[in-house]
Amino acid sequence: MASLTVRQLDEAIKASLRLRAAENGRSVEDEVRVILRESVGARRVTAGPQHPSVIQSRNARSGGTTLPRVTLIIGGGIAAYKALDLIRRLKERGIHVRCVMTRAAQQFVTPLTASALADERCYTDLFDSQSEFDAGHIRLARDTDLIIVAPATADLMAKMAQGHADDLATAILLAADKPVLVAPAMNPLMWQNAATKRNVAQLARDGVSFIGPDSGEMAEANEAGVGRMSEPAEIAATAESMLRPQGTQRLAGKKILITAGPTHEPIDPVRYIANRSSGKQGFAIAEAAAHAGADVTLISGPVDIGDPSRVNVIRVESARDMLAQVEKALPADIAIFAAAVADWRVANAGDQKIKKAQGGMPKLELTENPDILAMVSKLKANRPKLVIGFAAETENLIANATAKLKRKGCDWIVANDVSAASGVMGGDRNTVHIITSGRTDSWPVMTKDQVADALVNRIADTVGKKA
Ligand code: C5P
């Protein structure tokens, strides 16, 4: 179909369109849409099967449905391919997506692909003869509810921090009056560079929200560290929580304390005792609780997961560090203990690296760690109204978990089978049973994110009733 833009119209028509648009309080683009709709009458209902959500979004501005709108700025990094998945994830959540690509991004993915996946064409140029928008960057900056920059390269963040506006992406960001969510992605050394740290700190001061980066393998061979872009599903969930009105947040005003991950118990300065907990389930719960509006403090042992956005994350090593931070974080309304805390620590841990000796192996004396869950459950003052523990078992799951509920004195136990065959440890799925005194609910196999959402919903139901 031939394309016609406002720019291509006669000056006289443009002038009267501007006048008409101003009188009706609409943009020129919307005014043209209204005129076209009026002239084609009832046929507009069946218009454009390939772009139904564009129609919905436009209706939103003219008083119809209220589909939230995201402008996704795709920066030039290898993670740009993940931005394509992000478009899909946002659309799954009923969010209208418009893409903007930097010139460097186009070296990795094409505007055509982004256009095909998004709800409308992908914008690339500050001076775009095809754009129907007058002063395109201003309209693109205003005509959205949230701007996401993913992947955000070190260079793009530097430009943002300095207020540059020499291409469409940076001009939109400078003209924006809407929240901005940035998902950085770069080589770990670039992320650690003092200049990047300064820019990130400046952007945070300017009110920009960050998600990630995560740690893990890099595109470059044999490189790993912090710098991977957060997963598209996580970015989409965060975007939705930023777009969702406060009123629907079921845990707004609740303070939640969550422990996650393993603990590392030192043997000497270089060795430690650990376990296979990935921290994924605890992090997913923290994210879901923050998404539901809670004020979340997540105290985590050493894990390879980036901070979930809008969660206060405190990183610790040992069980005793974790206990100290839990005590600091109290009082809380709800406490969820998802950490796989080591039961024992080495009583005679070396101050120096223990050397191999002729006389055989060093004898490690073990001593019991404080049981954080039991301690908090039995508090006389400051006990959270709802205390939830986890029971990771490899056999007799329900019986062992029920006994644990009594022994620890908590209100609920989330029991899961962590035998090697279950694939739960380090995996993305979980099969859990919620045990309370007198009732056990077995949930079907779900992703850890789904378990987190379901648990948060159940907490919201319970806390709502108690309140
Ligand atoms: O006794 P067990 O380690 O199986 O109990 C598991 C539950 O207790 C989990 O909720 C875990 O976070 C918590 N726990 C704790 N402190 C410990 C041991 C376990 O908070 N020292």
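In the description that follows, Ala, Val, Leu, Ile, Met, Phe, Trp, Tyr, Cys and Pro count as nonpolar, Asp, Glu, Lys and Arg as charged, and the others, Gly among them, as polar. On this basis, the residues of the shell around the ligand divide into nine nonpolar, three polar and three charged. The model is a predicted one, in which local features need pLDDT of at least 70 and side-chain atom pairs count only at pLDDT 80 or more, whereas totals for chains, interfaces and linings use all residues. Residues are numbered from 1 along each chain as its sequence is written.

The secondary structure of the protein chain comes to 16 helices and 21 strands, where helices (H or I, at least four residues) and strands (E, at least two) are DSSP runs numbered from the N terminus. Of the 467 residues in the protein chain, 41% are buried; a residue is buried if 20 or more other C-beta atoms lie within 10 Å of its own, exposed if 12 or fewer, and partly exposed in between, with C-beta atoms placed from the backbone. Among the contacts in the protein chain with a separation of 6 or more, 67% are made by residues 24 or more positions apart, two residues being in contact if their C-beta atoms, placed from the backbone, lie within 7 Å.

The ligand is surrounded by 15 residues, of which the closest are Phe-337, Val-341, Ile-372, Leu-373 and Gly-389; a residue is taken as near a molecule or strand if its C-beta atom, placed from the backbone, lies within 6 Å of it. Helix H14 (372-377) and strand E16 (386-393) each supply at least two residues of this shell, and the largest share, three residues, comes from E16. Val-376, which is placed in helix H14, counts as buried because it has 25 C-beta neighbours inside 10 Å. When residues up to four places away in sequence are not counted, Val-376 touches Val-326, Ala-335, Arg-383 and Val-387. The C-alpha atoms of Val-376 and Lys-408 are 9.1 Å apart in space, although these residues are 32 residues apart in sequence.

Eight strands form an open sheet of mixed pairing, in the order E12-E11-E8-E13-E16-E17-E19-E20, where two strands pair if DSSP finds at least two bridges between them. Strand E12 (312-315) and strand E20 (439-442) are the edge strands, each pairing on one side only. The twist averages 15° from one strand to the next; axes are lines fitted to C-alpha atoms, for helices over the stretch in contact, and angles run from 0 to 180 degrees between N-to-C directions. Six bridges connect E8 and strand E11 (residues 295-300) in the parallel sense, with Leu-257 standing opposite Thr-297 in E11. Helix H13 (residues 319-329) packs on the sheet, where it touches E8, E11 and E12, and its direction makes about 165° with that of E11. Helix H15 (residues 397-408) lies across E16, strand E17 (412-417), strand E19 (432-436) and E20, and runs at about 145° to E16.

Within strand E8 (residues 255-260) is Thr-259, which is buried because 33 other C-beta atoms lie within 10 Å. Its contacts, not counting residues up to four places away in sequence, are Gly-282, Ile-299, Met-322, Val-326, Phe-337, Ala-338, Ala-339 and Ile-372.

Strand E4 (residues 180-184) is largely enclosed by the rest of the structure, because five of its five residues are buried. Val-180, Val-182 and Pro-184 on one side of E4 and Leu-181 and Ala-183 on the other are all buried, so that both faces are covered. Strand E3 (residues 146-152) runs parallel to E4 and is joined to it by four bridges, while two bridges join E4 to strand E5 (residues 209-210), also in parallel. Leu-181 is the bridge partner of Ile-148 and has Ser-209 as its bridge partner in E5. Helix H8 (residues 168-175) is mostly covered, with six of its eight residues buried.

Most residues other than glycine have a negative phi, and most peptide bonds are trans. Asn-382, in the loop between H14 and E16, has a positive phi of about 65°, and Asn-396, in the loop between E16 and H15, has a positive phi of about 40°.
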